[in-house]
Amino acid sequence: MKAQTMKAATAAKKLGILLSAAPEEFRDRDISRTELDELNANPPAWLVDLRADGPHPRDVVARKLGVSNSGLARGGVTEPLTTAEIKALLAEPPAWLVAERATQAQVRAENARVKQRNAERAAARD
C-alpha cells in the first residue's frame, strides 16, 4: 500500500511555517504523513528556527498579534513578518493594531455570549 502524501505547501501549513522559507529539499517534493508526524515529534534545526524566528505565514502573524487575517489586511500587512517584527509591533502598537485587537476582543466576547446563551437554552430544554 502506498503511503499517503501531501504537497509541500499543505505540509508547511500543517507545520505552521512559510513554505518559501523552508529548505529546498522540503519544498520540492511531496511529504508523507509519517514524515509530517516525525517532523512534528522531532523537528530538525531548520524547523525549530523557522517556528521561533520566522518569517511566519499570515495566520501565524495574525494569531501572534491577536487579530484576524482580515485585520492584518486592513492594517496593510501583506508580507510575512519575523518574530522580531511582531514583537516590535506589539511593543509600540500602531493605531490600526490597537483598533483591530479591540475588534477581535469584541468578536470573542460576542462569541462567548452566544455560546453561553445557547448552552442555557439547551439546558432549559432538557
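Where is the place of serine 32? Serine 32 sits in strand β2, which covers residues 31-32; strands (E, at least two residues) and helices (H or I, at least four) are DSSP runs, numbered from the N terminus. This is a predicted model, in which local features need pLDDT of at least 70 and side-chain atom pairs count only at pLDDT 80 or more, whereas totals for chains, interfaces and linings use all residues. Residues are numbered from 1 along each chain as its sequence is written, and side-chain values use heavy atoms, with hydrogens and water left out.

**Individual residues**

Serine 32 has a relative accessibility of 10% and therefore counts as buried. The term buried means under 20% relative accessible area, exposed means over 50%, and partly exposed lies in between (1.4 Å probe, protein chains only). Not counting residues up to four places away in sequence, serine 32 touches Ala3, Gln4 and Thr5; contact means heavy atoms within 4.5 Å.

Two loop residues have other accessibility classes. Glycine 76, in the loop between α6 and α7, counts as exposed because its relative accessibility is 53%. Proline 44, in the loop between α3 and α4, counts as partly exposed because its relative accessibility is 26%. A further proline, proline 55, is found in the loop between α4 (45-53) and α5. The peptide bond that joins glycine 54 to proline 55 is cis, with omega near 5°.

**Helix α8**

Helix α8 comprises 31 residues, 95-125. From its first C-alpha to its last, α8 reaches 45 Å, close to the 45 Å expected at 1.5 Å a residue; the expected span is 1.5 Å times one less than the number of residues. Leu97, Glu100 and Gln104 are buried in α8, and what covers the buried residues of this helix includes α5 (58-65), α6 (69-74) and α7 (83-91). Glutamine 104 counts as buried because its relative accessibility is 16%. Leaving aside neighbours within four places in sequence, glutamine 104 is in contact with Gly66, Val67 and Ser68.

Glycine 76 and alanine 122 are 46 residues apart in sequence and 42 Å apart in space. Proline 44 and arginine 121 are 77 residues apart along the chain, and their C-alpha atoms are separated by 49 Å.

**Helix packing**

| Helix pair | Packing angle | Axis separation |
|---|---|---|
| α1 (residues 8-15) and α3 (residues 33-41) | about 30° | 11 Å |
| α5 and α7 | about 30° | 10 Å |

Axes are lines fitted to C-alpha atoms, for helices over the stretch in contact, and angles run from 0 to 180 degrees between N-to-C directions. Helix α5 is therefore roughly parallel to α7; angles under 35 degrees count as roughly parallel, over 145 as roughly antiparallel, 65 to 115 as roughly perpendicular and the rest as oblique. In the α5 contact with α7, Val61, Lys64 and Leu65 of α5 meet Ile86, Leu89 and Leu90 of α7. By class, this contact has five nonpolar, no polar and one charged residues. Ala, Val, Leu, Ile, Met, Phe, Trp, Tyr, Cys and Pro count as nonpolar, Asp, Glu, Lys and Arg as charged, and the others, Gly among them, as polar.

Helices α1 and α3 are likewise roughly parallel to each other. Their contact is made by Ala11, Lys14 and Leu15 of α1 and by Arg33, Leu36, Leu39 and Asn40 of α3. By class, the contact of α1 with α3 has four nonpolar, one polar and two charged residues.
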